[in-house]
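Biologist: Please take a close look at the strands of this model. I would like to see how they pair and what surrounds them.

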Amino acid sequence: MSLKAWLGIDKIQKLGQIVKEIGGVKAVLKKRYLMDVTRVGTLVGSDKFGNRYYENNEYFVPRNRWVEFPDKVWLDYDASQVPPEWHSWLHHITDDAPSVKPPPTQKFVLDHKENTSIFADQKYIPYSTTRTKVQGWQPGQKPQFD
């Protein structure tokens with residue numbers, strides 16, 4: 001074991017390299033807040049939603065690929081914001097990224113949309129043909145008893 005490793009100087013040098021690669025202390029703190037990890041890697045590609053996909057094979061295999069969501073979503077990100085072709089690359093289903101080898105397009109496949117059920121105006125509410133057993137109280141109305 002070298003003296004650098006024994007004193008932990010190599011770890012400090014690695015931290016300095018990561019801070020420099022990400023773009024400074026402020027950028028590191030922002031990334032740490034958004035992602036709970038501080039990783040650096042090679043940009044593999046991006047998609048039409050603004051997501052950026054990275055790979056670093058110094059990390060062990062399940063964690064060597066990741067996505068960074070755009071700043072516009074801030075902390076409101078979820079898995080439905082990743083298109084299926086990038087999902088298969090992130091989860092090691094395919095070795096080639098969609099930016100290198102795009103998947104074949106088929107006429108019957110719809111464009112990917114994120115899950116919009118968190119937005120009140122875009123939420124899916126099924127139409128019911130039956131009357132509810134319990135009526136909710138509305139302000140200004142007298143209670144109705146059957």
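Modeller: Two strands count as paired if DSSP finds at least two bridges between them. Strand 2 (residues 52-55) and strand 3 pass that test: they pair in the antiparallel sense over four bridges. Bear in mind that this is a predicted model.

Start with strand 2. Its other partner is strand 1 (residues 42-46), again antiparallel and again over four bridges. Strand 1 and strand 2 form a hairpin, with five residues between them. G50 sits in that turn, and its phi is positive, about 95 degrees.

Now look at Y53. On one side, Y53 is the bridge partner of G45. On the other, Y53 stands opposite V67 in strand 3.

Strand 3 covers residues 65-68. R65 and V67 point one way from the strand, while W66 and E68 point the other way. Which of these four are buried or exposed? All are buried. Buried here means under 20% relative accessible area.

Both Y53 and V67 belong to the largest nonpolar core.

F69 is worth a stop. Leaving aside residues up to four places away in sequence, F69 touches N51, R52, Y77, D78, Q81 and V82.

Next, the setting. The protein has four helices and three strands. Along the sequence they run α-α-α-β-β-β-α. The radius of gyration is 24 Å, well over the 15 Å that the globule rule gives for 146 residues, so the protein is more spread out than a compact globule. Along the principal axes, the C-alpha atoms fill a box of roughly 85 × 45 × 25 Å.

Buried residues make up 21% of the 146 residues. The protein exposes about 12300 Å², with carbon and sulfur atoms supplying 58% of it. Take contacts between residues at least 6 apart in sequence: 42% of them join residues at least 24 apart.

Helix 2 (residues 9-22) has 14 residues. From first C-alpha to last, helix 2 reaches 20 Å, close to the 20 Å expected at 1.5 Å a residue. G23 follows helix 2, and the phi of G23 is positive, near 120 degrees.

Technical notes: Residues are numbered from 1 along each chain as its sequence is written. This is a predicted model: local features need pLDDT of at least 70, side-chain atom pairs count only at pLDDT 80 or more; totals for chains, interfaces and linings use all residues. Side-chain values use heavy atoms; hydrogens and water are left out. Helices (H or I, at least four residues) and strands (E, at least two) are DSSP runs, numbered from the N terminus. The expected span of a helix is 1.5 Å times one less than its number of residues. A nonpolar core is a set of buried Ala, Val, Leu, Ile, Met, Phe, Trp, Tyr and Cys residues joined through side-chain atoms within 4.5 Å. Buried means under 20% relative accessible area, exposed over 50%, partly exposed in between (1.4 Å probe, protein chains only). Contact means heavy atoms within 4.5 Å. The radius of gyration is taken over C-alpha atoms; the globule rule is 2.2 Å times the number of residues to the power 0.38. Accessible areas come from the Shrake-Rupley method with a 1.4 Å probe; for residues, only the protein chains shown count as cover.
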